[in-house]
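Please look over the sequence and the model first.

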Amino acid sequence: MTSAALRRVLEGVLIAVFLVAIALPLAGKLLPREGSFALTENRRPAPFPTVRLTGPGWGWSLTSFPARFERWWNDSFAFRWYMIRAHSVAKLALGASPSAKAVVGSEGFLYYAADDSLDYFRAVKPFTAADLERWRLDLERRQRWLAERGIRYLVVVAPNKETIYPEHMPAALHPVRSESRLDQLLRHLAARSSVEVLDLRAPLLEAKRRERVYHRTDTHWNDAGAHVAAAALLARLHAWFPEIPATPLPGAFAIRAGPGGDLARMLALEDRFPEAYVEWRPDAPDPSRKLDPGSLPRGLEVHECPTCAGPVVFMQQDSFNTALAPFIASRVRRLVRVDGTRLAEPLIERERPAVVVQQFVERMLTCDDLRCAR
């Protein structure tokens, strides 16, 4: 075979391989059992886009169809998980982070990198005076609206994992200044406002000397960290409402080995980054119960404890409250939970709580104010 003929054969093989590769996702969608996998980004997959030719919004449904179809296809094409995994393995082999949304640290630690988290950790964009005033005014508006209805207001900030475990972050990402946006906000509020903020950094830093308080492969605190947060929150609530116990129910921690958490799933490397889950084991059965969601307004979660005393506690929450809420639910008569950073005024009016606890993760401080729900 001449060199020209050999070259034509090799080019034909390369073209065939390329065509097979780009056709595989479509072929997988046509199989009886689809080859796509669940999302790993802690969000719902984009739905298949619909088009309406009549009625309100029909024009928007046509003009936005291409972008909505692309989002659906990116989330649902077959063999998606395998491709993400192959990409992650290759990037790790080259010593690079497999995703712009995750940072690979030392000793098996993974960190969340999206939503300006790295800029926040490095403190490259401190609050301006105008920024601090926007935050103060937004928080005081919430406090004032609640106070008019006889409801107390408490802000609880869940620290970013890198705030509590900075030592496992890559050295190249070191902070450029010692004061964080949370430090700035706390100082500003202390000087100019009566809004109360529960700062959990000190108790978590103290507790980490005894046990790990955040997952290595997940952005959230584990049960040990949530227990620390619950103890601080209950102590504050007890000072306002003495009938609420000042400490969580007694129990102990246990370790359970399992695949990696949300950051490992984001990389499709749950097996490469396993997790030793620190889990709470109470000494007695949980006295609280979760009410049937079907009997409640949409988005509302309610826990009731028939043997507990005290007022109704309403929590505006993000995903950090998943581990925290059970510790609180077992100590208050009624705990009401709703996702989001915007004050759920109609639901609060309905429940008439004695206190609203506004819990959000520290990286939300990169927003203009607390109304920028992400």
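Over which ring does the charged end of K161 sit? The charged end of K161 sits over the ring of Y111, 5.1 Å from its centre; the criterion is NZ of Lys or CZ of Arg within 6 Å of the ring centre and within 35 degrees of the ring normal. This is a predicted model, in which local features need pLDDT of at least 70, side-chain atom pairs count only at pLDDT 80 or more, and totals for chains, interfaces and linings use all residues. Residues are numbered from 1 along each chain as its sequence is written, and side-chain values use heavy atoms, leaving out hydrogens and water.

**Charges over rings**
- R152 also has its charged end over a ring, that of W240, 4.1 Å from the centre.

**Aromatic pairs**
- The whole structure holds ten aromatic pairs (Phe, Tyr or six-membered Trp rings with centres within 6.5 Å; planes under 30 degrees apart are stacked, over 60 edge-to-face, the rest tilted).
- Y165 and Y214 form an edge-to-face pair, because their planes stand at 75°, with ring centres 6.3 Å apart.
- These two residues are 49 residues apart in the chain.
- W221 and F320 are also edge-to-face, with centres 5.2 Å apart and planes at 80°.
- Ring pairs join F109, Y111, Y165, Y214, W221 and F320 into a cluster.

**Burial**
- Of the 374 residues in the chain, 47% are buried (under 20% relative accessible area, with a 1.4 Å probe and protein chains only; exposed is over 50%, partly exposed in between).
- Y214 is buried at 0% relative accessibility, and Y165 is buried at 6%.
- W221 is buried at 2%, and F320 is buried at 2%.

Conventions:
Helices (H or I, at least four residues) and strands (E, at least two) are DSSP runs, numbered from the N terminus.
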